[in-house]
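I would ask you to look at the sequence and the structure together as I speak.

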Amino acid sequence: MAIKAPPYNLSLALLSVLFISLAQLAMKWGMSQLNLHFSSLSELWLQQQWGLLFSAIYHYLLAVIFGLGCYGLSMCCWVMALRHLPLSLAYPLLSLSYVLVYIAAVSLPWIDETFSGLKALGIVFILCGIALVVPSSKRKDKGD
């Protein structure tokens, strides 16, 4: 009979999914804004107007730094969760980040992602896959 993982390990895995999703969204926004304003930022750089350059980009850089921090927190939670969760349960849960990021990206106006029926169908397939795998992992934990 397999040892049942404590519920906090599942919570750590889900927290990791949340952090990785936040990281991806923050990085997407921050980097896309830096790219969008690249020509004007380059001009400030060439003119050595450091104060104006910093004031123009600091909030974009904060989003990127926030995203990197969320990546780090996600990794910490993931390592702790993997200590006890079976891989057959942990990795399907990780695919929830694709679902969360897509839903947030099409819902949040500052990400500006367009909805696609084909992508939504892919999300449905991911959720169906998770629904198929997670119950079978629980049965194995109970010794069935």
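Let me begin with a question: which residues does Ser74 touch, not counting residues up to four places away in sequence? They are Ser16, Phe19 and Ile20. Ser74 itself lies in helix 3, and with a relative accessible area of 5% it is buried. Please note that what we are looking at is a predicted model.

I turn now to the overall layout. The protein chain has six helices and zero strands. Read from the N terminus on, its elements run α-α-α-α-α-α. Of the 144 residues in the chain, 33% are buried. As for contacts with a separation of 6 or more, 77% of them are accounted for by residues 24 or more positions apart. The accessible surface of the chain comes to about 9200 Å², and 72% of that surface belongs to carbon and sulfur atoms.

Next, the aromatic residues. A pair of aromatic rings is described by the distance of the centres and the angle of the planes. The structure holds three aromatic pairs, and I shall discuss two of these. One of them is formed by Trp29 and Tyr60, with 5.5 Å from centre to centre and 65° between the planes. This arrangement is edge-to-face, because an angle over 60 degrees is counted that way. Trp29 lies in helix 1, residues 7-36, and Tyr60 lies in helix 3, residues 50-82, so the pair ties together parts that are 31 residues apart in sequence.

Trp78 counts as buried at 9% relative accessibility, while Tyr91, at 42%, counts as partly exposed.

Let us stay with helix 3 for a moment and consider the surface. Phe54 is placed in this helix, and its relative accessible area of 53% makes it exposed, because the cut-off is over 50%. Phe54 also belongs to a nonpolar patch on the surface, which it forms with Tyr58, Leu61, Leu62 and Ile65. Together these residues have about 500 Å² of accessible area.

Now to helix 5, residues 96-107. How far apart are its end C-alpha atoms? The distance is 17 Å. At 1.5 Å a residue, the twelve residues of this helix should span 16 Å, so the two values agree. The buried residues of helix 5 are Leu96, Ser97, Val99, Val101, Tyr102, Ala104 and Ala105.

Finally, a word on charged side chains. The structure holds one salt bridge. In this bridge the side chains of Glu113 and Lys119 meet, at 3.6 Å from N to O. Glu113 is partly exposed at 29% relative accessibility, and Lys119 is partly exposed as well, with a relative accessible area of 42%.

That concludes my presentation. Thank you for your attention.

Note on methods
Residues numbered from 1 in each chain as written. Predicted model: local features only at pLDDT ≥ 70, side-chain atom pairs only at ≥ 80, totals over all residues. Heavy atoms only, no water. Phe/Tyr/Trp six-rings, centres within 6.5 Å; stacked < 30°, edge-to-face > 60°. Helix = DSSP H or I, 4+ residues; strand = E, 2+ residues; numbered from the N terminus. Buried < 20%, exposed > 50% of the residue type's maximum accessible area, 1.4 Å probe, protein only. Contact = heavy atoms within 4.5 Å. Expected span 1.5 Å × (residues − 1). Patch = residues over 30% accessible without salt bridge, like charges linked within 9 Å, V, L, I, M, F, W, Y side chains within 5 Å. Areas by Shrake-Rupley, 256 points an atom, 1.4 Å probe, with all protein chains shown as cover. Salt bridge = Lys/Arg side-chain N within 4 Å of Asp/Glu carboxyl O.
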